[in-house]
Amino acid sequence: MKRTFLLFTITLTVFGCKNPKKDNSKLNVVTTTTMITDLVKNIGGDHINLQGLMGSGVDPHLYKASEGDVSKLANADIIFYNGLHLEGKLVEVFEKMKNKKTIAIADALDKSTLIGSEYFASNFDPHIWFNIEYWKQATQFVVKTLTDAIPEQKETFKTNGNNYIKQLDALKNKLETVIETLPREKRILVTAHDAFNYFGKAFNFEVVGLQGLSTATEAGVQDVQNLSAFIIEHQVKAIFVESSVPKRTIEALQASVKSKDHDVTIGGTLYSDALGDAGTIEGTYIGMFEYNVNTIVNALK
Ligand code: ZN
């Protein structure tokens, strides 16, 4: 009897705690990347049940849906994803969800302004969150989508959206002030893969990724040789690891520079395709951006 009761209590505890905020009267919203989860959370707040598929350190280019993800997607009222083939392995899953409301954040943007790329089936560089102006447009897009779904919360979503856009404007000003302290000739950003092209365009950095735009293709020996020659020629002080990409390629690059009797430091770990851990400052889009810029500027100065 006692044992049965204990088991019952444990069962209740496990299932009771699994989803403390689950409320069946609320809209079920599923998001893919941590950047999109953070954005939708800022707008939807407590008015939606929000579930993000990917966590910190997860590479969206390689991410495959688990069985649990498929059931989350099947129960979703709205699915927000990046699009432009960022989530390359999820495209098939989304195609099976055609009856669902699947919303690509990239659809908020004027395609003619995007950076082209032959690496992706979309023909565009998908790392759009690194342009703060794009993220403001994405904010408006999320406000509109959630308002269409829950019209009675129109004013709340509008207020949340406007507040968030103000924070993004403040972020942009702050980052510009930090970046201005770094002379133009030192603005060369070398990372594991080409996630920072929009960042480079917005803040006047030359951006070189060892691995190309997607992490699905490994860097070859020749890529490492060419890039180490570039680093020596341009006297680049530091190169950067990314939290969602294995660091071995950047370490190989550092070793290659050293083998030519030059020195380059690893300037830190940047958040490229995923935010930091949930609950930390870097676990938010704004915190991630500030952390990245401070890390880059401090290491390259
Ligand atoms: Zn990427």
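Predicted model: local features only at pLDDT ≥ 70, side-chain atom pairs only at ≥ 80, totals over all residues.
Residues are numbered from 1 along each chain as its sequence is written, and side-chain values use heavy atoms, with hydrogens and water left out.

The zinc ion is coordinated at 2.0 to 2.1 Å by His 61 (NE2), His 127 (NE2), His 193 (NE2) and Asp 273 (OD). Donors here are N, O and S atoms within 2.8 Å of the metal (3.2 Å for Na, K and Ca), and sites may look incomplete because water is not among the atoms. The angles among the four donor atoms run from 91 to 124°, and the site is tetrahedral (for four donors, all angles between 85 and 135 degrees). Along the chain the donors follow the spacing H-x65-H-x65-H-x79-D. Two of them, His 61 and His 193, link distant parts of the chain, 132 residues apart. His 61 is in the loop between strand S2 (48-52) and helix H3 (67-74), and His 193 is in the loop between strand S5 (188-191) and helix H7 (197-203). Helices (H or I, at least four residues) and strands (E, at least two) are DSSP runs, numbered from the N terminus. His 61 has a relative accessible area of 4%, so it is buried; His 193, at 0%, is buried as well. Buried means under 20% relative accessible area, exposed over 50%, and partly exposed in between (1.4 Å probe, protein chains only).

Helix H5 (residues 132-149) holds Thr 145. This residue is buried, with a relative accessible area of 6%, and its side chain reaches the backbone oxygen of Phe 141 at 2.8 Å. Apart from neighbours within four places in sequence, Thr 145 is in contact (heavy atoms within 4.5 Å) with Ile 78, Phe 80, Lys 101 and Ile 103.

Next come the aromatic residues. Rings of Phe, Tyr and Trp (its six-membered ring) pair if their centres lie within 6.5 Å; planes under 30 degrees apart count as stacked, over 60 as edge-to-face and the rest as tilted. By this rule there are 13 aromatic pairs. The rings of Trp 135 and Tyr 285 are stacked, because their centres are 5.3 Å apart and their planes are at 20°. Trp 135 belongs to helix H5 and Tyr 285 to helix H10 (residues 285-300), 150 residues apart. Tyr 285 also forms an edge-to-face pair with Phe 289, at 5.6 Å centre to centre and 80° between the planes. These two lie four residues apart in helix H10, about one turn of the helix.

Most residues other than glycine have a negative phi. His 85, however, has a positive phi of about 65°, and Asn 204 has a positive phi near 60°. His 85 lies between S3 and helix H4 (91-95) and is partly exposed at 33%. Asn 204 lies between H7 and strand S6 (206-209) and is partly exposed at 41%.

Key: Tetrahedral: all angles 85-135°; square planar, octahedral: opposite > 155°, others 65-115°. Polar contact = N/O pair within 3.5 Å; in protein donor to acceptor, adjacent residues only side chain to side chain.
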